Amino acid sequence: MRVVLAEDLALLRDGLIRLLEANDCEVVEAVDNGPSLLRALTTHRPDIAVVDVRLPPTFTDEGLRAAIEARAQVKGLPVLVLSQYVEQLYARELLADRSGGVGYLLKDRVFNVAQFIDAVRQVAAGGTAMDPEVVAQLLTRRSGDKPLASLTPREREVLEAMAEGRSNAAIATRMFVTEKAVSKHTNSIFSKLDLPPSEDDNRRVLAVLAYLNG
Amino acid sequence: MKHQFGDRRRLLQLSIAAIGFASASLALFIFMVTGTALIVVWVGVPVVVETVVKVRWLAELHRRRVGELLGEPIESPYLRRTEGNLLDQVRGLLRDPATWRDTVWLIANGTLGLALACVAVCEAVLDLLFWWLPPGLAMRAYARLSRALLAPSEKSRLALRVEQLTESRAETVDTQAAELRRIERDLHDGAQARLVALGMNLALAEDELARNPGAAKALLSEAREASSNALAELRDLVRGIHPPVLADRGLVGAVQALSLVGPVPVEVHSDLIGRLPAPVESAAYFAVAEGLANAIKHSGAHHMSITLSLENDLLSMVVRDDGTGGADPSRGTGLRGIARRLSAFDGALEVSSPPGGPTELAMVLPCASSLPKTLPSYGTA
């Protein structure tokens, strides 16, 4: 897998390069600011971009803006955004173009290498990987009369795991059920959320989007 | 016609009352002079203090009446009274410029005022007889004289302002010191302690590595957990100091982000364009956040709205909820905190919360040109 990495702190940049290369990824370019990131993404067109939200020159949400801009130019370019904190506002902005291939994780998720690499693969394959903290923030919200309210607790649990970017197999292991049971749940979710039959990956993205907007 | 008659009868009453006021002024002035003369034998001190207090009471009463008569209220000019022994009190009263002006008013009201009031009574009687002529010229002149002497002078205004500023500065300094202590404690007991534990675990794992790889592995995963927890604590702490989304997106973005995570649906309306000065953004954000948290905690609201607007360098923020109402700023620490936060910037909080709701917090905050540029803009930070 070809990766473009954007991280301004040298210590973390080196660590991430080491971690990615140890897991069959080739870091084609590592940059440390927003403008270079946009250039690198549009020239290399990597399989995935791993991007820190806060980058020079403004040290605000430069990385996020560059990633969204790059996705506007290269449709569906997979982007995994890393940050010291998560905001639902940013999660929505990343998912707004509804084309999937988006991840948004706290930097500490890197500590669990296996799960992190799993998320990288999910996003590169066009899926989504939202941080459990984004998902947890949503749980505090009351779901009104939206279609989401019609989901059973079990289906909600599956949808949460989908938002975090888990595959059906991973969800099955986590919930101690068979993969077939999980796919029954996902189909039920798709029909309750009124998502027409299409490629499974895309429907997963739309379901997660509905969830985040609920 | 009848109405006009009522007005004129009232004018007569006012004029008669004015004679009473003027006589009282004269009497108080005599007390004051006597008291001052008696200061040498000490008895004068309490007499003066007591007289000044009575003068203030009379002057306040007069301000209200004259204000009503002239159709615009007259502000009170007094500084806060000094506590302590009699001598301190006298010193405090003498330092207040309003005391001296009150004395001038006493003299003027007791002499010229008394004369005008007598004329006003005669005129009011005549006014009643000759109702077609314009009424109350003498009374009006009397009111003008009173206003000239009773309204706060520029000196009093400045002294009052200094008093306000001293108070709000002291509060700000106290709040900041308490805030720093809280941050220090949080760091000390939280992230710092966890990093110490992390270092110890790593050292132990290093020792165990050759002898007992299984134990080393357990220690390492404990260390990883400790670092995750330390990060989570630091994140919460940073949010409380200056939320990153506020730095990224400014007030509107940060308030939107806030509205997305609450348990109650919140609508955000805003006509702000561009960024406000950083200190204003921060004060405004925390005021709105506190207002929102307060409503969620106490009102049982099902729906809330936040409106931000900027007009003539005055930022106004309105937080509305459809909850149970009955919020009282003098009781809730949350609302008091908001008022304190805003007062540091000369802002203000107004609460409208009838029992049964809805509740509306209207907050204003002066910004932009009135503030010196104290922080570099984020673009260059």
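# Exercises on a predicted two-chain model

The contact between the chains draws 26 residues from chain A and 26 residues from chain B. The model is predicted.

## Exercise 1: the interface

Task: Describe the area buried between chain A and chain B, and the salt bridges and polar contacts across it.

Solution. 

1. Begin with the area. About 2200 Å² is buried between chain A and chain B. Carbon and sulfur atoms give 44% of that area.
2. Turn to the charged pairs. Six salt bridges are counted between the two chains.
3. Check one pair against the cut-off. A salt bridge requires a side-chain nitrogen of Lys or Arg within 4 Å of a carboxyl oxygen of Asp or Glu. The side chains of Asp108(A) and Arg235(B) are 3.3 Å apart, N to O, so the pair is a salt bridge.

## Exercise 2: the side of chain A

Task: Find which elements of chain A give two or more residues to the side that touches chain B, and sort that side by class.

Solution. 

1. List the elements. They are helix H3 (62–73), helix H4 (88–95) and helix H6 (132–139) of chain A.
2. Pick out the largest share. H4(A) provides it, with five residues.
3. Sort by class. The side of chain A that touches chain B holds nine nonpolar, seven polar and 10 charged residues.

## Exercise 3: the largest pocket

Task: Give the volume of the largest pocket and describe its lining.

Solution. 

1. State the volume. The largest pocket has about 850 Å³.
2. Locate its centre. The lining has 23 residues, and those closest to the centre are Thr175(B), Gln176(B), Glu179(B), Ser282(B) and Arg341(B).
3. Assign the lining to elements. In chain B, helix H6 (154–211), helix H7 (213–241), helix H9 (278–298) and helix H10 (333–343) supply at least two residues each. H6(B) gives the most, seven residues.
4. Sort by class. The lining consists of 11 nonpolar, seven polar and five charged residues.

## Exercise 4: backbone details in chain A

Solution. 

1. Read the peptide bond. From Pro56(A) to Pro57(A) the bond is cis, with omega near 5°.
2. The loop between helix H1 (10–21) and strand E2 (26–31) of chain A contains Asp24(A).
3. Read phi. Asp24(A) is not a glycine, yet its phi is positive, about 65°.

Notes. Residues numbered from 1 in each chain as written. Chains lettered and ligands numbered in written order. Predicted model: local features only at pLDDT ≥ 70, side-chain atom pairs only at ≥ 80, totals over all residues. Heavy atoms only, no water. Contact = heavy atoms within 4.5 Å. Buried area = accessible area lost by both parts, 1.4 Å probe. Polar contact = N/O pair within 3.5 Å; in protein donor to acceptor, adjacent residues only side chain to side chain. Helix = DSSP H or I, 4+ residues; strand = E, 2+ residues; numbered from the N terminus. Nonpolar A, V, L, I, M, F, W, Y, C, P; charged D, E, K, R; others polar. 1 Å grid on protein atoms, 1.4 Å probe; cavity = no way out; pocket = protein on both sides within 12 Å on 5 of 7 lines; lining within 4 Å. Points joined across faces, edges and corners; volume = space filled by probe spheres on them.
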